[in-house]
Amino acid sequence: MVKKFIGLAALAIMFVSCNEQKTAYVDTKVLVEEYKEMKDVEAEFTSKSESVRQQLDSVASAFQQEVQAYQSQMGSMSEAQRKEKERALMQKQQMLQQQQQMQSSRLREESTAVMDSLVNKVKDYVKDYGKENNYTYIFGSNESANIMYAEEGLDITQDILAKLNEGYS
């Protein structure tokens, strides 16, 4: 009877251990901040944004000089000439504002598309990592506290980050 009980207990322990779920978590904030490709993309878009800003500043400065030239000459112009010049300047100002909005929008859309692509790349990598390492779940943790507590050994952020950066280099 005791042997049967021990045998059943051993069988139950084996059955439970076979069905054990393997879980871990990744600190998504750390991934975003320390992933080399993400840093490179952010630097690229910061540079593009600065370039667009400088170009727009240059155009705005030229327009401002044109306005100042008009203001210094308007005393010697007829009423009709002043109205025509003011109309032309207002039209030019509207075109410059539209150009600025279009460039900003284009840059924002491009940035969003690239960042979304990177986020999907990281998600796909974590999914593949989970499958290869037999994880049942890999949770994402961030400042909004999706995970309130986890044992330290369950944090695989640095391993994922190292492999992502290795794959990027």
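Helices (H or I, at least four residues) and strands (E, at least two) are DSSP runs, numbered from the N terminus. The structure described here is a predicted model, in which local features need pLDDT of at least 70 and side-chain atom pairs count only at pLDDT 80 or more, while totals for chains, interfaces and linings use all residues. Residues are numbered from 1 along each chain as its sequence is written, and side-chain values use heavy atoms, with hydrogens and water left out.

**Salt bridges**

A salt bridge is taken as a side-chain nitrogen of Lys or Arg within 4 Å of a carboxyl oxygen of Asp or Glu. Over the whole structure, 12 salt bridges are found.

| Pair | N to O distance |
|---|---|
| Glu37 and Lys121 | 2.6 Å |
| Arg53 and Glu50 | 2.4 Å |
| Lys83 and Glu79 | 3.9 Å |

Glu37 in helix α3 and Lys121 in helix α4 are 84 residues apart, so this pair links distant parts of the chain. For accessibility, buried means under 20% relative accessible area, exposed over 50%, and partly exposed in between (1.4 Å probe, protein chains only). Glu37 counts as buried because its relative accessibility is 15%, whereas Lys121, at 37%, is partly exposed.

Arg53 and Glu50 lie three residues apart in helix α3, about one turn of the helix. Both are partly exposed, Arg53 with a relative accessible area of 39% and Glu50 with 33%. Lys83 and Glu79 are separated by about one helical turn because they are four residues apart in helix α4. Lys83 is exposed, with a relative accessible area of 54%, and Glu79 is partly exposed at 45%.

Salt bridges also link Glu44, Lys48, Arg106 and Glu110 in a network.

**Nonpolar cores**

A nonpolar core is a set of buried Ala, Val, Leu, Ile, Met, Phe, Trp, Tyr and Cys residues joined through side-chain atoms within 4.5 Å. The largest one has 18 residues, and Leu31, Tyr35, Val122, Ile156, Ile160 and Leu164 have the most contacts inside it. Two or more residues come from each of β1 (23-27), α2 (28-34), α3 (36-73), α4 (79-132) and α5 (157-168). The most come from α4, which gives five residues.

With contact meaning heavy atoms within 4.5 Å, Tyr35 touches Val30, Leu118, Lys121, Val122, Leu161, Leu164, Asn165 and Tyr168, not counting residues up to four places away in sequence. Another core, of six residues, lies apart from the largest one and includes Val67, Tyr70, Leu89 and Leu96.
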